[in-house]
Amino acid sequence: YFPIHTEGQDLRMAYMDVAPTQNSNGRTVVLLHGKNFGGYYWTNVIKGLTQRGFRVVVPDQIGFGKSSKASIH
């Protein structure tokens, strides 16, 4: 989890940081999900990228997946 303080709230952003499963190519890919999805949406893409040597970082944006849900007043 990555701690965030915004709008007077302490929130946590969940993320996956997945290491390459094959020889690392030294490159990193960040995958951002759209509305109505979480990072889990990228499961097959993560597998394909890590098998090709990429490090993959996948955040659950605030309000989605395992990240905090902010209170909106």
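**View 1. Asp17 faces Val57 of β5.** Asp17 stands opposite Val57 in strand β5. The model is predicted: local features need pLDDT of at least 70, side-chain atom pairs count only at pLDDT 80 or more, and totals for chains, interfaces and linings use all residues. Residues are numbered from 1 along each chain as its sequence is written, and side-chain values use heavy atoms, without hydrogens or water. Strand β5 covers residues 55-59, and its pairing with β3 is antiparallel, over four bridges. Strands here are DSSP runs of E with at least two residues, helices are runs of H or I with at least four, and both are numbered from the N terminus. Two strands count as paired if DSSP finds at least two bridges between them. Further along this pairing, Tyr15 has Pro59 of β5 as its bridge partner.

**View 2. An open sheet of three strands.** The strand order is β3-β5-β4, and the pairing is mixed. At the edges are β3 (15-18) and β4 (28-30), each of which pairs on one side only. Neighbouring strands of this sheet are turned by 10° against each other on average, direction ignored. Such angles run from 0 to 180 degrees between N-to-C directions, with axes as lines fitted to C-alpha atoms, for helices over the stretch in contact. Strands of a sheet pair through backbone hydrogen bonds, either parallel or antiparallel. Both senses occur here: β5 is antiparallel to β3 and parallel to β4, the latter over three bridges. Val57 of β5 is the bridge partner of Val30. Val57 also stands opposite Asp17.

**View 3. β5 and its residue Arg55.** Strand β5 is largely enclosed by the rest of the structure, because four of its five residues are buried. Buried means under 20% relative accessible area, exposed means over 50%, and partly exposed lies in between (1.4 Å probe, protein chains only). Arg55 is found in this strand. Its relative accessibility is 36%, so Arg55 counts as partly exposed. Contact means heavy atoms within 4.5 Å.

View 4. Helix α1 (residues 43-51) lies across β3, β4 and β5 and runs at about 155° to β5. Its buried residues are Ile46, Gly48, Leu49 and Thr50. Their cover includes β3, β4 and β5. Gly53 comes just after the helix and takes a positive phi of about 95°.

**View 5. The β1-β2 hairpin and its turn.** Strands β1 and β2 run antiparallel and are joined by five bridges. Pro3 has Arg12 in β2 as its bridge partner. Two residues lie between the strands of this hairpin. Glu7 sits in that loop, between β1 (2-6) and β2 (9-13). Phi of Glu7 is near 50°, a positive value in a residue other than glycine. Glu7 is exposed, at 73% relative accessible area.

**View 6. Leu11, a buried residue of β2.** Leu11 is found in strand β2. It is buried, with a relative accessible area of 6%. Setting aside neighbours within four places in sequence, Leu11 is in contact with Phe2, Pro3, Ile4, Thr6, Ile62, Ser68 and Ala70. Leu11 and Ala70 are 59 residues apart in sequence, with their C-alpha atoms 7.1 Å apart.

**View 7. The whole chain, for orientation.** One helix and five strands make up the listed elements, and they follow the pattern β-β-β-β-α-β along the sequence. The C-alpha trace spans about 45 × 20 × 15 Å along its principal axes. Of the 73 residues, 29% count as buried. Among contacts between residues at least 6 apart in sequence, 68% join residues at least 24 apart. The chain exposes about 5,300 Å², and carbon and sulfur atoms supply 53% of this area. The areas come from the Shrake-Rupley method with a 1.4 Å probe; for residues, only the protein chains shown count as cover. There are 8 positive and 4 negative side chains, and the centres of the two sets lie 14 Å apart. Lys and Arg count as positive, Asp and Glu as negative; His and the chain ends are not counted. Each charge is placed at NZ of Lys, CZ of Arg, CG of Asp or CD of Glu.
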